[in-house]
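Hi everyone, thanks for coming along. Please have a look at the structure on the screen, and I'll walk you through a few parts of it.

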Amino acid sequence: MNRRAIRWAALGATVLMMAGCSSGPAPAPRSSAPFVLPSAAAALTPAVYMQLASSASLFAVRASELAAERARSGAVRSAAQSIVRDQTGVAAQLSFAGRRLELLPSAVLGSAEAAELDRLRASGDFDSDYRRAVAAALARALDAHQTFARSGPSPTLRPVAQMAAPVTRRNLDSLRR
């Protein structure tokens, strides 16, 4: 078993354990650590997909709003504007679909994302650090969207993942130019 699959299994076990301890319906998991996606053969649960995708979108939007103020490069500012527009749309679609499933995305960054945003605010090499941080978040989101679009168990969220994957790929490509 590869490291990625092992980490996914550990995350899944933790989520299941936490869900089993609750007396009501399980809320979407919240974690300060970034999620590690499963192998292509394993499906994401709707709650884990929602948390991962919405967290990445929120971080990308917040960091890109900061880039509008701090970026020195016109290319970085342009990419940031596209990311804000596109990931706000992805987040809106996640929220709309999540309402139907009682899986509302958080409007607050997790502690890891908030710390990364603070590092960006203090960065002496903002453009480079912004590209790195947002590319990492969007890469995780892209992997989640593609995995869920392929094998996600929710017919409500699967079309959102199918829509979000190419949008996120385009945003990721714009950062790498």
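Before I point at any helix, let me say how packing is described: axes are lines fitted to C-alpha atoms, for helices over the stretch in contact, and angles run from 0 to 180 degrees between N-to-C directions. Helices (H or I, at least four residues) and strands (E, at least two) are DSSP runs, numbered from the N terminus. Please keep in mind that this is a predicted model, where local features need pLDDT of at least 70 and side-chain atom pairs count only at pLDDT 80 or more, while totals for chains, interfaces and linings use all residues. Residues are numbered from 1 along each chain as its sequence is written, and side-chain values use heavy atoms, with hydrogens and water left out.

Now the overall picture. The protein has 6 helices and 0 strands, and along the sequence its pattern reads α-α-α-α-α-α. I'll call a residue buried under 20% relative accessible area, exposed over 50%, and partly exposed in between (1.4 Å probe, protein chains only). Of the 177 residues, 44% count as buried. Contact here means heavy atoms within 4.5 Å. Among contacts between residues at least 6 apart in sequence, 76% join residues at least 24 apart.

Let's go to the helix packing, starting with H3. Helix H3 covers residues 74-101 and helix H6 covers residues 158-176; the two pack at an angle of about 165 degrees, with their axes 10 Å apart. Angles under 35 degrees count as roughly parallel, over 145 as roughly antiparallel, 65 to 115 as roughly perpendicular and the rest as oblique, so H3 is roughly antiparallel to H6. Among the residues making this contact are Ile83, Val90 and Leu94 of H3, and Val160, Met163 and Val167 of H6. In terms of residue types, the contact of H3 with H6 divides into 10 nonpolar, 6 polar and 2 charged. For that count, Ala, Val, Leu, Ile, Met, Phe, Trp, Tyr, Cys and Pro are nonpolar, Asp, Glu, Lys and Arg are charged, and the others, Gly among them, are polar.

H3 has another partner, H2. H2 and H3 pack at an angle of about 150 degrees, and their axes are 8 Å apart. That makes H2 roughly antiparallel to H3. On the H2 side the contact includes Tyr49, Met50 and Ala53, and on the H3 side it includes Ile83, Val90 and Leu94. Here the residues divide into 13 nonpolar, 6 polar and 2 charged.

Where does Leu94 sit? Leu94 is found in helix H3. Leu94 is buried, with a relative accessible area of 0%. Leaving aside neighbours within four places in sequence, Leu94 is in contact with Tyr49, Met50, Ala53, Ser54 and Val160.

On to the aromatic rings. Rings of Phe, Tyr and Trp (its six-membered ring) pair if their centres lie within 6.5 Å; planes under 30 degrees apart count as stacked, over 60 as edge-to-face and the rest as tilted. How many aromatic pairs does this rule give? The count comes to 2. In one of them, the rings of Tyr49 and Phe148 have centres 4.4 Å apart and planes at 15 degrees, so this pair is stacked. Tyr49 lies in helix H2 (residues 46-70) and Phe148 in helix H5 (residues 126-151), so the pair ties together parts that are 99 residues apart in sequence. Tyr49 is buried at 0% relative accessibility, and Phe148 is buried at 0% as well.

Phe126 and Tyr130 also form a stacked pair, 5.8 Å centre to centre with 15 degrees between the planes. Both lie in helix H5, 4 residues apart, about one turn of the helix. Phe126 counts as buried at 4% relative accessibility, and Tyr130 is buried with a relative accessible area of 0%.

Finally, two loop residues. Not counting residues up to four places away in sequence, Ser154 touches Pro46, Leu101 and Phe148.

Glu102 lies in the loop between H3 and helix H4 (111-122). Glu102 is exposed, with a relative accessible area of 67%. Most residues other than glycine have a negative phi. Glu102 has a positive phi of about 60 degrees although it is not a glycine.
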